[in-house]
Amino acid sequence: MGRSILTPAQTSAWRRDGWCVIEGAIPPSDLADAQSALELLFPRPEEMDDGGDVERTTPWRTWDAAWPEFPFKSTRLNKLVVHDVLLDLACDLLGTEDVRLYLALVTAKYAHQSSGYNRLLHTDYPNHSVVVPRREAGYEHLETFIYLNDVSTRNGATRLVSRTKTSAIPVEQHTLNLDDYGPLYDEPGEAAGPAGSVVAYGPDVYHRSVDVTAPGLRRIMMHISYRRADAEWGQYQAWAFKGFSPEWHDFVQASGPRELALLGFPAPGHPYWTEESITRVNARYPRLDMRPWRAALAR
Ligand SMILES: O=C(O)CCC(=O)C(=O)O
């Protein structure tokens with residue numbers, strides 16, 4: 001198992017509260033690379049505030065937007081999704097080396113963009129699982145936000161409530177209204193952190209978005225979720241569905257066994273691999289270096 005990036009205090013917050021913020025988790029040069037890809041994707045806050053180029057600004061005026069999904073056009077953003085720091089974190093918190101990626105997209109929050117449904121305290125399991133969360137080790141999912149700029153109260157840090165306050169709420173009550181659950185809306189938990197921080201939380205943790213109104217604000221974060229390989233109930237995106245896109249082909253052909261295993265690609269040594277299947281997969285992905293899979297066959 002990779003080295004843990006969590007301090008003992010973060011590990012106990014994850015176990016007790018179901019969430020924690022890991023400041024400065026992404027190395028600065030990888031963060032800068034990812035940040036440099038953002039200007040093509042999202043308008044600057046001033047463009048949004050002025051109205052800007054309508055075609056460029058209109059899609060992002062609602063949280064209910066078609067957010068860019070992995071695999072991205074940008075290799076630099078893709079690298080973040082499969083970054084060793086995140087994979088080590090997932091292996092650590094999920095208690096296995098065999099993890100899968102089930103969600104990866106990037107969002108931008110701006111002033112006057114309505115958070116819609118997310119303004120209510122909610123858990124994410126209804127669209128992250130076909131069953132309900134189990135909290136015991138071996139059944140958890142890891143949801144993360146990766147901050148691509150500094151996040152504070154000003155630009156809408158997410159509010160999260162400790163599991164210790166919500167354990168008596170019936171599981172089917174995945175969204176909490178303000179009338180019945182007002183005190184939980186006053187809970188102080190706030191996921192503030194500088195760019196490069198990672199917020200880790202589980203699909204049973206109640207959280208909510210906060211709308212922002214002051215001009216000049218933007219919050220950009222990646223939402224990346226992992227599960228254990230055997231936790232097939234954890235779902236959101238399906239990777240084969242991306243299989244016709246050039247972004248998919250570029251990503252696969254730039255990756256190795258550890259990254260590809262995340263997407264369900266059988267690991268070297270798996271019975272799927274024979275001389276024939278290696279040759280045929282290589283015909284689909286001619287630039288994929290298949291030496292690790294061939295080497296495992298020879299053993
Ligand atoms: O935008 C936020 O602050 C939180 C987003 C959220 O609630 C979610 O992704 O489930």
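*Solution.* The model is predicted; local features need pLDDT of at least 70, side-chain atom pairs count only at pLDDT 80 or more, and totals for chains, interfaces and linings use all residues. Residues are numbered from 1 along each chain as its sequence is written. Helices (H or I, at least four residues) and strands (E, at least two) are DSSP runs numbered from the N terminus.

Next, list the buried residues: in helix 7 (residues 84–94) they are Leu86, Leu87, Leu89, Ala90, Cys91, Leu93 and Leu94. Buried means 20 or more other C-beta atoms within 10 Å of the residue's own, exposed means 12 or fewer, and partly exposed lies in between, with C-beta atoms placed from the backbone. Last, look past the helix: Gly95 follows helix 7 and has a positive phi, near 70°.

**Exercise B.** Classify the residues around the ligand.

*Solution.* First, name them: Lys109, Ser115, Asn118, Asp124, Gly156, Thr158, His207, Ser209 and His223. Then sort: none is nonpolar, seven are polar and two are charged. Nonpolar covers Ala, Val, Leu, Ile, Met, Phe, Trp, Tyr, Cys and Pro; charged covers Asp, Glu, Lys and Arg; the others, Gly among them, are polar.

**Exercise C.** Describe the side of domain 1 that touches domain 2.

*Solution.* Begin with the bounds: domain 1 is 8–234 and domain 2 is 238–299, as given by an automatic or database domain assignment. Their C-alpha centres are 29 Å apart. Ten residues of domain 1 are in contact with ten of domain 2, a contact being two C-beta atoms, placed from the backbone, within 7 Å. On the domain 1 side, helix 6 (75–81) and strand 2 (99–110) each supply at least two residues. Strand 2 gives the largest share, three residues. By class, this side has six nonpolar, two polar and two charged residues.

*Solution.* Locate Pro286 in the loop between helix 11 (275–284) and helix 12 (291–298). For comparison, 36% of the 299 residues of the protein count as buried.

How values were computed. Near = placed C-beta within 6 Å.
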